[in-house]
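Let's take a walk through this one together. Have a look at the sequence and the model first, then read on.

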Amino acid sequence: MKIEKINAAVIGCGVISDIYMDSLKNRFRIINLTACSDLDEERSRKQAEKYGIEPKSTEAIMQDPNVDMIINLTTPNAHYSIIKQALNHGKHVFSEKMIAVELEQGKELLDIARAKNLRIGVAPDTFLGAGIQTAKYILEHGLIGTPTSALVSLNRNFGLFGDLLPHLLKQGGNLPFDTGCYYLTALAALLGPVEYVNGFSRTYRPDRVGEHLDKPWFGEPMKAEAENILVGSMQYKNGVLCSVHFNSESIVNELPELKIYGTEGVLIIGDPNTFGSPVVLKKPMSDAVEFPFTHGYKDNSRGIGCAEMAWAMRAGRPHRASMEMAYHVFEQIHGMLISARNGCRYEMESTFEIPEALPAGYIDNGFWGPTEESALIK
Ligand SMILES: NC(=O)c1ccc[n+]([C@@H]2O[C@H](COP(=O)([O-])OP(=O)(O)OC[C@H]3O[C@@H](n4cnc5c(N)ncnc54)[C@H](O)[C@@H]3O)[C@@H](O)[C@H]2O)c1
C-alpha cells in the first residue's frame, strides 16, 4: 500500500522556522512541505529559497486546496487567528505553543476543530524526546513505585530577554506560558490531568527600560504587562500533589528542576525544553544514577510533533501532541493566575487522555539505514 504524504505549509518564518523546515524537509518524510508565508515577505522569501519551497501569502496558503496541514510558527498573539482561519478553510493545524492567549479563545478553537472533524496538534513536542519518554518508561515500569508528589521550578531573566523579544513581557508570552508549558506538558504526559490548582502571582517591576546598550530602544520605557512571578500548586486526578515555581525576573542561566517523588524512588528529569536531557533515578539506599535512554530523539527534534500527527492521520489514530492535552496545560496556567487574582482554588474543567508512550528501542540510525521515523508510525 502506498503511503500518501501530508501536504503542509508553514506560516511564520522567524527564528524557530529553521529547525522545523530542516526537520520536515530532511528528516521526517511523511510531510511534504510545499510553501511558507510571513507578514514580512522578505523573511518568507529567504526561507522558501533556503528550503526549496514556494513563498506565498497567508491568504494563498489558506485558499490552496492542496494544503492539508498548516504549521503555525507565528508569535503567540497570532496563534488564535491563524488556527481559526486554517480550521475555517478546512485545514488541520499544528501550532507552536501556546494554542492562544485567552482561555476562551482556546476553547473556541477546540469546538471548531471538533465540529469540523479537523485536528489541532500543539507544541511543546519535546515530551516525545528521549528524556521524557525514558522518564515515562521508568514510571510505567514501577521503578519509583507510586508517584505521590512533583516539583517544577524555572527561572529566567526577562528583564534582559524582554528587550529582544517583547512578546515575553505581554500576556500569553510571559514565562509560565512561554517556557513553563514545557514543564507542565512533560508532567501532563507523565501524570495525566489535574483536578485543582492554586496560585500566587505578582508583576515585579512593571515599569522598566530597555537594557541592551547596543539597541536603539536602550533607555526607552517598557512595560511588563503580565505576571512575571507565579508560584502555585496542583492536585492531579491520580492524587499526586505538585509544587510550581516560575520566576522570569532572576538570572539568565536557568536552573531547571523537574522531579517526581514516588514510594520507591525519585525521578529527576532534565530540562524539558530539550529532547535529550539526562534522566536520573534515585532508589532507596543507593546513589542517584543516570538512566540509559530507552527511546530515540535525543537531539533537537522539533517538528517531531507534526510528523507524528501526520502519521496518526494516515493511521487513523489519535496524535500524541493533542489539542486536549495542550488546552489542559493552558488551562492549568490560566487557572493558577485566576486563583491568584481571585484568592480562591480553581477547579479544572478540561481533561485529556495521556498520550501513549512511543515505541521503545528506536536508535537514531539502524544498521540497514536511517530509521528516523520508525517510532512515529504506530
Ligand atoms: N525562538 C525559539 O527559541 C522558540 C523555541 C520554541 C518555540 N518557539 C515558539 O515558536 C513561535 C515563533 O517563535 P519565533 O522565535 O520563531 O518568533 P519570531 O518572532 O522570530 O518569528 C515569528 C514570525 O511570525 C511572523 N508573524 C507574526 N504574526 C503573523 C501573522 N499573522 N501572519 C504571518 N506571519 C506572522 C512574524 O513576522 C515573524 O517572522 C512562538 O510561538 C514561540 O513561542 C520559539
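Start with I71, which stands opposite F94 in β5. That spot belongs to a pairing between strand β4 (residues 69-72) and strand β5 (residues 92-95), which run in the parallel sense over 4 bridges. Two strands count as paired if DSSP finds at least two bridges between them. Strands here are DSSP runs of E with at least two residues, helices are runs of H or I with at least four, and both are numbered from the N terminus.

Before going further, a word on the ground rules: this is a predicted model, where local features need pLDDT of at least 70 and side-chain atom pairs count only at pLDDT 80 or more, while totals for chains, interfaces and linings use all residues. Residues are numbered from 1 along each chain as its sequence is written, and side-chain values use heavy atoms, leaving out hydrogens and water.

Now zoom out to the sheet. It is an open one of 6 strands, in the order β3-β2-β1-β4-β5-β6, with parallel pairing. At its edges sit β3 (54-55) and β6 (120-122), each pairing on one side only.

Next, the ligand. It has 20 residues around it, and the closest are V15, I16, D38, R43 and K97; a residue counts as near if one of its heavy atoms lies within 4 Å. A polar side-chain atom of D38 lies 2.6 Å from a ligand oxygen. For K97, an N or O atom in the side chain is 2.8 Å from an oxygen atom of the ligand, and for I16 a polar backbone atom is 2.9 Å from one. On its own the ligand exposes 820 Å², and the protein buries 80% of that (areas by the Shrake-Rupley method with a 1.4 Å probe).

Finally, the rings. The structure holds 4 aromatic pairs, meaning Phe, Tyr or Trp rings (six-membered ring for Trp) with centres within 6.5 Å; planes under 30 degrees apart are stacked, over 60 edge-to-face, and the rest tilted. F28 and Y297 make a tilted pair, because their centres are 6.3 Å apart and their planes sit at 50°. These two are 269 residues apart: F28 is in the loop between α1 (17-26) and β2 (31-37), and Y297 in the loop between β16 (289-290) and α9 (304-315). F28 is buried at 0% relative accessible area, and Y297 is buried at 1% (buried is under 20%, exposed over 50%, partly exposed in between, with a 1.4 Å probe and protein chains only). Elsewhere, ring pairs link F177, Y327 and F330 into a cluster.

Key:
A polar contact is a pair of N or O atoms within 3.5 Å; within protein, one must be able to donate a hydrogen and the other to accept it, and residues adjacent in sequence count only if both atoms are side-chain atoms.
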